[in-house]
Amino acid sequence: FVYDHTRLSQNNDFVNIQAQVDALAAHGVSRARSNELDRAFKTVNAAKIIFNNTKPRYPETHWHYLVTKASELMLQVEKSENQLELSIKDSQALFKSLSKLGDAEV
């Protein structure tokens with residue numbers, strides 16, 4: 001998977017995060033938030049399936065994570081018919097990043 005630092009939230013205010021945690025504890029999960037979480041879980045599951053389709057392996061020097069070639073990951077993402085439900089802009093950014101990596105392990 002490619003880490004895109006431009007997708008980070010611009011608000012890293014701990015106080016705001018704590019307020020959200022406090023509201024969640026007091027009122028539970030809203031329907032809108034539940035729907036957001038459901039979409040996030042579906043995206044993560046789709047990404048896991050796509051990654052596993054590349055037949056990842058453990059690198060020679062590590063045993064605690066799997067790697068695959070960026071080119072193979074790009075091929076599997078193309079085959080997935082947008083199971084990740086990426087926007088056109090995000091899809092283009094992903095393919096651009098993966099193509100720059102070529103056969104490097106990711």
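Before anything else, a word on terms: buried means under 20% relative accessible area, exposed over 50% and partly exposed in between, with a 1.4 Å probe and protein chains only. Helices are DSSP runs of H or I with at least four residues, strands are E runs of at least two, and both are numbered from the N terminus.

Hi everyone. What you see above is a predicted model, so local features need pLDDT of at least 70 and side-chain atom pairs count only at pLDDT 80 or more, while totals for chains, interfaces and linings use all residues. Residues are numbered from 1 along each chain as its sequence is written, and side-chain values use heavy atoms, with hydrogens and water left out.

Let's start with the overall picture. The chain has 4 helices and 0 strands, running α-α-α-α from the N terminus. Of its 106 residues, 16% count as buried. Taking contacts (heavy atoms within 4.5 Å) with a separation of 6 or more, 60% are between residues 24 or more positions apart.

Now to helix 2. Its 22 residues reach 31 Å from first C-alpha to last, close to the 32 Å expected at 1.5 Å a residue; that expectation is 1.5 Å times one less than the number of residues. Which residues of helix 2 are buried? They are Ala46, Ala47, Ile50 and Phe51. These sit on the same side of helix 2 because they cover an arc of only 135 degrees around the axis, taken from the directions from the helix axis to the C-beta atoms. Over on the other side, Arg31, Phe41, Lys42, Val44 and Lys48 are exposed. Helix 3 is among what covers the buried residues of helix 2.

Moving on to helix 3, the buried residues here are Ala70, Leu73, Met74, Gln76 and Val77. Their arc is only 165 degrees, so they too lie on the same side of their helix. They pack against helix 2 and helix 4. Just after helix 3, glutamate 81 takes a positive phi of about 55 degrees.
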